[in-house]
Amino acid sequence: VDDKSFNQSAWEGIQKFGKDNGLTKGNGGYDYLQSESDADYNQNLNSLIRRDFDLVFGVGFMMEDAIKEIAAENPDSMLAIIDSVVEAENVASILFKEQEGAFLAGVAAASMSKTGKIGFVGGVDIPVINRFHAGYLEGAKAVNPNIEVMVDYTGAFDKPDLGKASANLMYSSGVDIIFHAAGGTGNGVFAEAKERKAKDANANVWVIGVDADQYAEGQVDANTNITLTSMLKGVGAAVIDISNKAKEGKFPGGTTSVYGLAEDGVGLADSRGAIPEDVLKLVDEYSKKIADGEIK
């Protein structure tokens with residue numbers, strides 16, 4: 001829940017909805033349960049339903065099967081799944097056009113790379129991470145058709161050591177910017193970049209964060225930060241949107257809500273001066289083309 005990324009965004013949305021509606025943490029208000037492994041999914045969902053929460057979110061593609069089973073067993077309960085689609089009248093499915101935000105990250109990376117080599121570190125090889133990968137690749141190629149992109153799927157969202165090893169290999173191979181879509185594993189990418197920058201102030205290493213603004217993760221010292229930007233994914237905003245609809249008696253069960261650039265569901269975080277004005281202008285131009293449907 002404090003992964004500084006995807007899960008944390010969802011929990012922040014729940015907390016904001018709770019506070020905006022005068023609720024407190026715990027029974028009768030809002031709460032979360034953390035799964036240590038996929039074996040906990042069904043048990044945790046059931047536990048929250050038994051505690052009489054009106055709406056229960058399954059956060060992440062990995063929870064699809066559990067949500068499907070629990071929804072069938074509890075037809076009167078409202079459930080929602082983020083990053084997957086479950087065909088059930090009592091489940092609201094929430095998807096994002098990660099490829100659109102990742103395209104902008106690719107534009108920024110290819111424009112800023114001094115070596116012509118950039119990297120992508122993914123978590124588990126699943127459709128949602130493939131969307132990040134595909135968008136990043138296409139955005140980079142749009143700016144520099146000859147760009148080299150090193151790719152590594154670590155196979156995990158909770159293993160920073162794997163992210164660190166992957167980043168070490170990439171930076172050692174001449175990559176100067178890495179975009180991660182790997183949850184907690186991505187914290188290792190930041191760790192590797194920060195170590196290199198701390199050892200050598202002139203080291204040309206950058207990280208593009210994911211899901212939330214990961215600027216704080218890139219802080220090396222008072223004057224140095226290696227976060228180029230972050231690809232924002234409005235998980236918290238989507239959670240609030242679906243919760244408000246449920247509260248108003250308009251719960252979108254049986255439907256899929258999709259959030260892209262046009263819906264402010266994805267985008268890039270403020271680069272705090274790391275990206276020059278001309279590159280930001282280029283990113284903005286591509287953003288408008290995608291939102292208008294000119295680029296699909």
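**Strands, sheets and helices**

Analyst: Gly119 stands opposite Ile178 in β6. Keep in mind that the model is predicted.

User: What makes β4 and β6 a pair?

Analyst: Two strands pair if there are at least two bridges between them. Strand β4 (residues 117-122) and strand β6 (residues 177-181) have five bridges, in the parallel sense. Therefore they count as a pair.

User: What makes β5 and β12 edge strands?

Analyst: They belong to an open sheet of six strands, ordered β5-β4-β6-β7-β10-β12, with mixed pairing. β5 (148-153) and β12 (266-268) each have a single partner strand, so one side of each has no neighbour in the sheet. Neighbouring strands here are turned by 15° against each other on average, direction ignored.

User: How do you know that α5 packs on this sheet?

Analyst: Contact means heavy atoms within 4.5 Å. Helix α5 (residues 127-143) touches β4, β5, β6, β7 (206-211) and β10 (227-233). Its direction makes about 170° with that of β4.

User: Which strands form the four-stranded sheet, and in what order?

Analyst: The order is β1-β2-β3-β11, with parallel pairing in an open sheet. β1 (55-59) and β11 (256-259) are the edge strands, as each pairs on one side only.

Terms used: Residues are numbered from 1 along each chain as its sequence is written. This is a predicted model: local features need pLDDT of at least 70, side-chain atom pairs count only at pLDDT 80 or more; totals for chains, interfaces and linings use all residues. Side-chain values use heavy atoms; hydrogens and water are left out. Helices (H or I, at least four residues) and strands (E, at least two) are DSSP runs, numbered from the N terminus. Axes are lines fitted to C-alpha atoms, for helices over the stretch in contact, and angles run from 0 to 180 degrees between N-to-C directions.
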